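Trainee: I would like a close look at a single part of this model, with the cut-offs stated as you go.

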Amino acid sequence: MFAKILRVTRQTIIAIENNKYNPTLELAMKISRFFRVSVEDIFLLEDEKTDAF
C-alpha cells in the first residue's frame with residue numbers, strides 16, 4: 001500500500017529500508033510528507049550517521 005501511494009515498487013521501499021538505495025529528492029520528500037515529518041527526520045547524510053550516537 002505504501003509503495004502504491006508513493007508510486008514506486010515494493011522493491012524500492014525494501015531497498016531504501018535496507019540502505020541499498022538512496023531515494024531521489026522527490027521520493028524522499030514524498031516519504032516525509034506521508035509521515036508528516038521533515039526529510040532530515042527520516043534520512044541522514046553518510047557522515048552524519050557515524051556522528052549520530
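Which residues form a nonpolar patch on the surface, and about how much accessible area do they have together?

Mentor: This is a predicted model, in which local features need pLDDT of at least 70 and side-chain atom pairs count only at pLDDT 80 or more, while totals for chains, interfaces and linings use all residues. Residues are numbered from 1 along each chain as its sequence is written, and side-chain values use heavy atoms, with hydrogens and water left out.

The patch consists of Met-1, Ile-5, Phe-34, Phe-35, Val-37 and Ile-42, which together have about 600 Å² of accessible area. Areas come from the Shrake-Rupley method with a 1.4 Å probe, and for residues only the protein chains shown count as cover. Patch residues have over 30% relative accessible area and no salt bridge; nonpolar side chains (Val, Leu, Ile, Met, Phe, Trp, Tyr) are joined within 5 Å, like charges within 9 Å. A salt bridge is a side-chain nitrogen of Lys or Arg within 4 Å of a carboxyl oxygen of Asp or Glu.

Phe-34, one of the patch residues, lies in helix 3; helices (H or I, at least four residues) and strands (E, at least two) are DSSP runs numbered from the N terminus. Phe-34 counts as partly exposed because its relative accessibility is 39%, where buried is under 20%, exposed over 50% and partly exposed in between (1.4 Å probe, protein chains only).

Ser-32 is also in helix 3, but buried, at 7% relative accessible area. Beyond its neighbours within four places in sequence, Ser-32 is in contact (heavy atoms within 4.5 Å) with Val-37, Ser-38, Val-39 and Ile-42. Val-37 and Ile-42 are themselves patch residues. A polar atom of the Ser-32 side chain lies 2.9 Å from the backbone oxygen of Met-29.

Ile-42 is also touched by Ile-31, as are Phe-2, Leu-6, Ile-16 and Phe-43, with residues up to four places away not counted.

Arg-36 is in the loop between helix 3 and helix 4 (39–42). Its phi is near 55 degrees, a positive value in a residue other than glycine. Arg-36 counts as exposed because its relative accessibility is 78%.

Technical notes:
A polar contact is a pair of N or O atoms within 3.5 Å; within protein, one must be able to donate a hydrogen and the other to accept it, and residues adjacent in sequence count only if both atoms are side-chain atoms.
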